[in-house]
Amino acid sequence: MSTNVQRSGKRHKVVLYNPQAVFFTMPLALLAIGSELDPDLFEVVTIDARLDPDAENTVVAHAKDALCIGITVLTGAPISDALRISRAVKRATPSLTVVWGGWHPSMFATECLQEPSVDVTVQGQGEETFAEIVRRLADGVPLEDCAGCTVRRADGVPQVNPARALAQVEKFRAHDYGLIPVERYFELKGKRQLDFISSQGCNFRCAFCSDPFVYGRKWVGLEPVRMALRLKELWDRYRFDDVNFQDETFFTKAARVEALAERIVASGMKITWAATMRADQGVRLPDETWKLCKQSGMRRLLVGVESGSNEVLKRIRKDIKIEQVYATAEKMRKFGIAGHFPFIVGFPEESDADVQASLDCAKRLRSMSPDFLTPIFYFKPYPGSQLVIDAVARGFTLPETLEAWSKFDYVAGEPGPWVSAEKFELIERFKFFHELAWKPASRGKRFVQKLARYRCRRDDYRWPVEMLFTRWLVPEQTLS
């Protein structure tokens with residue numbers, strides 16, 4: 001596409017911002033959209049609030065001569081920081097276009113534009129949409145018909161543009177890790193771990209998840225040869241020890257993973273890697289592929305269990321059976337793969353028996369291997385999911401402002417109002433004693449560990465003096 005910026009020979013500055021958070025995963029969303037911009041035409045400046053203690057002033061300084069700023073926004077606490085930065089930018093440079101992308105703007109395209117400091121929101125896959133937005137801004141072309149985004153018109157009314165089809169990721173430029181200080185992330189993580197994403201979307205229909213709303217149950221992934229070559233290029237440059245694949249469903253195509261594993265082994269890279277897997281995918285994976293993945297460095301898998309009750313699994317449209325979870329866990333134990341098996345409890349209309357089934361399943365999995373973890377989370381009405389749509393139809397009220405959404409915590413905190421105080425107490429006590437029963441313990445703490453295992457076997461969590469004593473001895477601390 002020929003643009004005025006090409007004719008002028010001027011490189012426009014584009015600022016990308018990652019809001020404050022408590023983890024140090026590399027900002028892959030910003031890498032994706034920043035890498036898709038032509039470096040001959042655009043100068044990309046990436047600012048991460050987790051790395052820059054004076055991020056606001058840094059952003060404001062760059063904004064003075066920038067074409068626009070793009071901010072990736074997750075639901076929850078990151079919204080607060082995104083608002084703070086957007087408002088600071090508008091105070092300093094009122095004419096600068098502020099673009100929000102990511103999960104929250106994908107689900108609340110027009111609602112985000114109620115905030116005066118936000119001009120454009122991007123929905124779903126952002127590479128092509130953001131690149132077109134930037135080109136149009138450089139050329140002075142309006143955004144009213146730019147597919148994949150929602151814009152505020154001159155009269156203040158949001159204009160919802162046509163959706164943009166999910167593009168094959170093969171057509172995009174390779175992510176340019178030179179846009180971020182990779183060594184700084186290694187330092188903050190405490191290990192030389194590279195975050196990498198090889199696919200987008202998900203084919204499945206889980207009713208508690210927003211993926212079907214955002215991606216329409218579609219999935220696109222990189223071809224394995226390209227993946228292996230890119231990883232080798234990055235390994236030669238950064239000498240990382242581990243790769244954390246951030247795909248929603250890494251094992252969607254088993255042949256792709258098998259081909260990648262073969263090429264990692266052939267490349268001579270000395271790395272380990274971690275990824276996601278569904279239980280039904282693990283059951284279908286041949287032993288030869290399990291063995292090859294282990295040989296290539298696979299060290300850990302995240303397998304979402306969600307519930308130990310087949311009835312609940314059916315209700316939430318997980319489309320797996322609990323027997324498949326156990327079979328996949330057995331394969332992981334056989335091949336020496338660590339496991340992360342998260343559960344969700346506190347669904348609306350979940351019975352006491354359903355909750356107990358999840359606790360029993362967690363106990364069984366944790367006892368299978370010292371390398372298996374079974375964290376338990378409460379169901380939170382995450383926007384865009386079918387369960388929440390149903391709950392709203394029955395009268396449940398979602399937050400109505402960005403400030404309210406910024407206080408939404410879908411990881412920690414208390415469950416929904418449909419969970420009784422008695423059920424909450426049971427789950428909290430189980431979580432404490434279950435962790436105490438299986439985490440590595442020094443010789444002096446083994447008696448307490450045995451007592452915790454006894455409690456878990458008998459489901460007896462009355463008079464939790466160990467719990468009270470431990471919390472008195474080591475007060476709960478907030479993450480910072």
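Which residues in α10 meet which residues in α11? The legends below take up this contact and several other close-up views of a predicted model.

**View 1. Contact of helices α10 and α11 in the predicted model.** Helix α10 spans residues 224–238 and helix α11 spans residues 254–267. Pro 224, Val 225, Met 227, Ala 228, Leu 231 and Lys 232 of α10 meet Arg 256, Ala 259, Leu 260, Arg 263 and Ser 267 of α11. By class, the residues of this contact comprise 7 nonpolar, 1 polar and 3 charged. The two helix axes come within 8 Å and cross at roughly 35°. The crossing of α10 and α11 is right-handed.

**View 2. The open sheet of 7 strands.** The strand order is β2-β1-β3-β4-β5-β6-β7, and the pairing is mixed. At the edges stand β2 (42–48) and β7 (158–160); each has a single partner strand, so one side of each is left without a neighbour in the sheet. Neighbouring strands of this sheet are turned by 20° against each other on average, direction ignored. Within the sheet, strand β4 (residues 97–101) and strand β5 (residues 120–122) run parallel and are joined by 2 bridges. Val 99 has Val 120 in β5 as its bridge partner.

**View 3. Helices α4 and α7 lying across strands.** Helix α4 (residues 78–92) lies across β1 (12–18), β3 (66–72) and β4. The direction of α4 is at about 165° to β4. Helix α7 (residues 127–139) lies across β1, β2, β3, β4, β5 and β6 (149–152). The direction of α7 is at about 160° to β3.

View 4. Leaving aside residues up to four places away in sequence, Arg 87 touches Glu 115, Ser 117 and Glu 403. Arg 87 and Glu 115 are 28 residues apart in sequence, and their C-alpha atoms are 9.2 Å apart in space.

View 5. The open sheet of 6 strands. Here the strands follow the order β8-β11-β12-β13-β14-β16, with parallel pairing. The edges are β8 (193–196) and β16 (372–373), each with a single partner strand, so one side of each is left without a neighbour in the sheet. Strand β12 (residues 272–276) is joined to β13 by 4 bridges, the two running parallel. In this pair, Trp 273 has Met 298 in β13 as its bridge partner. Over 3 bridges, β13 pairs in the parallel sense with strand β14 (residues 338–340), and Leu 301 stands opposite Gly 339 in β14. Strand β14 also pairs with β16 in the parallel sense, over 2 bridges. The bridge partner of Gly 339 in β16 is Phe 372. Helix α13 against β12 and β13. Helix α13 (residues 287–296) lies across β12 and β13. The direction of α13 is at about 115° to β13.

**View 6. Tyr 177 and Trp 273 in the largest nonpolar core.** This core has 141 residues, and Tyr 177 and Trp 273 touch the most other members. Not counting residues up to four places away in sequence, the residues that Tyr 177 touches are Met 26, Leu 28, Leu 31, Val 182, Leu 194, Asp 195, Phe 196, Arg 230, Leu 234 and Tyr 238. Trp 273 is also the bridge partner of Met 298 in β13.

**View 7. Positive phi at Glu 306 and Glu 349.** Most residues other than glycine have a negative phi. Glu 306 is not a glycine, yet its phi is positive, about 70°. This residue is placed in the loop between β13 (298–302) and α14 (310–315). With a relative accessibility of 7%, Glu 306 counts as buried, because the limit for buried is under 20%. Glu 349, likewise not a glycine, has a positive phi of about 70°. Glu 349 is placed in the loop between β15 (343–345) and α16 (352–368). Its relative accessible area is 63%, and Glu 349 is therefore exposed.

Note on methods: Residues numbered from 1 in each chain as written. Predicted model: local features only at pLDDT ≥ 70, side-chain atom pairs only at ≥ 80, totals over all residues. Heavy atoms only, no water. Axes fitted to C-alpha atoms, helices over the stretch in contact; angles between N-to-C directions. Left-handed = near helix turned anticlockwise from the far one by under 90°. Contact = heavy atoms within 4.5 Å. Nonpolar A, V, L, I, M, F, W, Y, C, P; charged D, E, K, R; others polar. Pairing = 2+ DSSP bridges. Core = buried A, V, L, I, M, F, W, Y, C linked by side-chain atoms within 4.5 Å. Buried < 20%, exposed > 50% of the residue type's maximum accessible area, 1.4 Å probe, protein only.
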